[in-house]
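Hello,

Please find below the structure we discussed. My notes on what was found in it follow.

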Amino acid sequence: MNAVSRKLLSVLIACMLLTVSLMPLAGAEEEYAEEQVLNLTYQDLNLIDVNDVRNSNEFQVLTEVQEGLFRTFSSEDHTDVAVLAGAESYEVSEDGLTYTFHLRPECKWSDGVPVTAQNYVDSWLRLIDPEEAFAYAELAFGIAGAESYYEGEGAREDVAIALIDDLTFSATLAEPDAAFLKKIGMVPFYPIRKDLIDAAKENGGNWTNDYQLHVFNGPFVIADRVLENSMTLVKNEEYWDKDNVYITQVNLRVVPESSTQAQLMESQQLDFLKLEDIEYVDQWQRYVDNGTFQYFSQTAPSVTYIAFDMHDDANGGPSGLMKNEKIRLAISLAFDREEYNLLFQNGLSTPAYSLVPYGMVVGDKEMRAACDEPLLGLQAQYTDLRALFEEGLKEVGFEGTPEDVTLTTIIYSPTTLTTNINEWYKQQLKDKIGLNLNVEVYPDTSTWVSARNAYQYDFYTMGWFGDFNDPITFLNLFTTGNGYARFMGGFSDSEYDALIAKASSSQDDAERLQLYIDAEKILMERGGTAPIYFAQNQYYSQSYVTGLSCPTFGAEFEFSRVRLLKH
Amino acid sequence: MSFLRYALKKLAVMLLTLYLIATATFFLLAATPGDALSARVERLPETVTQRLYEKYGLNKPIMERYITTMKGLLHGDFGESIIYQGETVQSIIRQKGPVSARLGLQQMLLGVTIGLLLGLLAAVKKGSLWDYLVVVFSILLISVPNLVFALLLQQVFAGQLRLFPVIGWPKENIWLGGWEYTVLPTLAGCFGYIASYARLLKASMLDVMNQEYILTAESKGLTHREVILHHVLRNAFIPIVTYLPMSLAMCITGSFFIESVFSIPGLGLYYVNAVAAQDVTIVMGETVIISAIYIFVIFITDILYSIVDPRIRIKGGKR
């Protein structure tokens, strides 16, 4: 056993212990409710094909009815803990390139057929099939030959995914990727039954959406579905760990109105809920106080930020100023993030002075715990923002004062909240720098997207959710020419690129963390983006719910090990 | 013979109308910025975006797509949903149509019955306190959106008193079962009918009461009751009969707000969501099918009129 896998093993044992502590303490049987049925809200899935997964609602349901190599729970301090699920063990080669997975022999599909290594190999190759154009194909590009196959240059045979025997397969990367294990734990990498997909295709069946054509290898199976209304899951009797699954049935309902959701929660017709409308936090405090609800709040792996128009092929926004670092930094520093949080988030979020949210880890170190948030230092350094902005104006050769500058921001489907936020932006920029802000309102996303694609803005506000627990999921968005540059403002900086490239292939966690910290600092100093706040999720569950996990990534709720107390 | 020609002419107009509606819908949808994929590709890299557009044929020129769509329409093939792959308009209407239809019918039956009774009361007791109460009541009902009623009913009768389920709809025995689920949504949606039918019947009855033949009837020595029952009501019902088929046709289209509040798997919610998601095939299909039903009802109503009242036919088919 080499050094890498020994370390991994110790982490895994620690994980196992943690999950054991998550399980409700074994007590007398009669403490638990006889009827173990969950009632939850959900949003209907556009599809139930694991490779094609796109949205959080699909992640939610597919995580419960299917299973990949790992399953993620949350520990008591709300950090994610990945435990072995479909895999029994795995090894990583010394050079960090080859990952070999040994599957759990007792895993079966709901039709009784064993889950094989072939199922995984089929899935991973299908994920990067250029014909399919799956949204998450990019996650597999680290595997040697994958990207060129997807681009139509390389052959399928040259993708370095190898079947070793019925229960063993391996994947070889082109370069070491510290986040690889986190990526392949995600739904798009779950095994598939190619025989059934092919049969469905032949019979003209609708694989993407017809649950009756599917078999399942997760804790539950889909038993019924009414389009855009409801779905029923029942316990999967073929599931390898079924003895730890107590819930026999899960009723999922589409409930669009947040007031209806609240109504259901208050009358105990809903077992747990991620609150959408934060107005209820105050209202429900009394239920938390009298023990009806369990409540906790947890950082979401997301950041709301301002993207400046600094694209190479644009002119720096309608004002023509956005390519200047000092101008961008002055704007970024002009926003009082504490005030924003109090005014618009009821003080429930975390003001952001950096790009990478709290809770993101490198190895076992949380990035935010390892360094100060860069904008705090910059805030102390630049007290006169007007002067900083004027310096920027001089650099670009702009004749005039900040009062002569009008910036444009674009918003869509305005609500009272977004209108107020933009009014506040206006006020902040006027007070601290003296410049004017013009808010262009678009009636819907589509018109807004056209305006954005035509670079008709100086900056706009946007939110981004990370895909997996590594800072790179955010930092990668600002490298030159990356696939997402269009939405991020098009920041391009050779120094930043070099740091990220070096970090991505580094196998030393400490070094990688330092490289991330340095890169993020550059991004903030040069005004690559202006983070505003990190969202907090507000979770409520009925007092009788035990064993619920709310992982930061993947499924919103991991409810497969939930057990209900008598109530 | 002239009747057959009249009917054929109406039929031709009906088909032309449908064609125009389909064409207008297609081009309006095409003219809206963005498309069904734009939300989905919003956060995808460029290369994937291009692949997806090719996959769904949305990169083709608009006229080519128009011809494909129209050819499909001729065969009753509206195409697959872009959002829910594999679902077609027919499969969606089969699943969701009955739900909206039951809800709509229940609302209509209850609403029209109460509305007509109130209208009758107001007309008979014209100028009395009852009359004013009915007028005020119907103005109130017509001006409060049914979303507000739905939320109020839900909060009071389901949330606080817990007499009915907060959300849901019967899954089995879809036409008669699970009445407790249907009570609140039916109530929430019937107020519109109450208000409009009460006002309609009252106005129509007052109109008839001013006719000379009513005076004749009264002067013949008939009692007030007999006049109302045999002369006024029968004649006053003509506008109601015009109105009813339209209400009936609109039943199936469902109600967005009520379905949304009570989480009912109906067409209304689905249709609005499909428009918002720019699911072109579904929007086209539903629009054409619903228009077809609507136009067909108008067609039948027209034909019935011409049978009931030959004057309409002679005047050149105007309603």
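This is a predicted model, and the notes start with the contact between its two chains. Chain A gives 36 residues to that contact and chain B gives 37. On the side of chain A that touches chain B, the elements that supply two or more residues are α7 (258-266) and α16 (445-453). By class, this side of chain A has 14 nonpolar, 15 polar and seven charged residues.

Chain A

The secondary structure of chain A consists of 20 helices and 23 strands. Its radius of gyration is 25 Å, close to the 24 Å that the globule rule gives for 567 residues, so chain A is as compact as a globular protein of that length. Taken along the principal axes, the box filled by the C-alpha atoms of chain A is roughly 75 × 60 × 50 Å. Buried residues come to 46% of the 567 in chain A. Among contacts in chain A with a separation of 6 or more, 69% are between residues 24 or more positions apart.

Two places in chain A were looked at in detail. The buried residues of α3(A) are A:A117, A:N119, A:Y120, A:V121, A:D122, A:S123, A:W124, A:L125, A:R126 and A:L127.

The axes of α10 (residues 325-334) and α14 (residues 385-396) of chain A come within 8 Å and cross at roughly 155°. Angles over 145 degrees count as roughly antiparallel, so α10(A) is roughly antiparallel to α14(A). The crossing of α10(A) past α14(A) is left-handed. From α10(A) the contact takes A:K326, A:I327, A:L329, A:A330, A:L333 and A:A334, and from α14(A) it takes A:L385, A:L388, A:F389, A:E391, A:G392 and A:E395. These residues divide into eight nonpolar, one polar and three charged. As a reminder on spacing, an α-helix has 3.6 residues a turn, so residues three or four places apart point the same way.

Chain B

Chain B has 14 helices and zero strands. Its C-alpha trace spans about 85 × 65 × 35 Å along the principal axes. Of the 319 residues in chain B, 34% are buried. Residues 24 or more positions apart make up 74% of the contacts in chain B with a separation of 6 or more.

One helix pair in chain B was examined. Helix α6 (residues 129-143) and helix α8 (residues 179-209) of chain B have axes that come within 8 Å and cross at roughly 135°. That angle makes α6(B) oblique to α8(B). The crossing of α6(B) past α8(B) is left-handed. On the α6(B) side the contact is made by B:V134, B:S138, B:L141 and B:I142, and on the α8(B) side by B:F191, B:G192, B:I194, B:A195, B:S196, B:A198 and B:R199. By class, the contact of α6(B) with α8(B) has seven nonpolar, three polar and one charged residue.

Regards

Note on methods: Residues numbered from 1 in each chain as written. Chains lettered and ligands numbered in written order. Predicted model: local features only at pLDDT ≥ 70, side-chain atom pairs only at ≥ 80, totals over all residues. Buried ≥ 20, exposed ≤ 12 C-beta atoms within 10 Å, placed from the backbone. Helix = DSSP H or I, 4+ residues; strand = E, 2+ residues; numbered from the N terminus. Axes fitted to C-alpha atoms, helices over the stretch in contact; angles between N-to-C directions. Parallel < 35°, antiparallel > 145°, perpendicular 65-115°, else oblique. Left-handed = near helix turned anticlockwise from the far one by under 90°. Contact = placed C-beta atoms within 7 Å. Nonpolar A, V, L, I, M, F, W, Y, C, P; charged D, E, K, R; others polar. Rg over C-alpha atoms; globule rule 2.2 N^0.38 Å.
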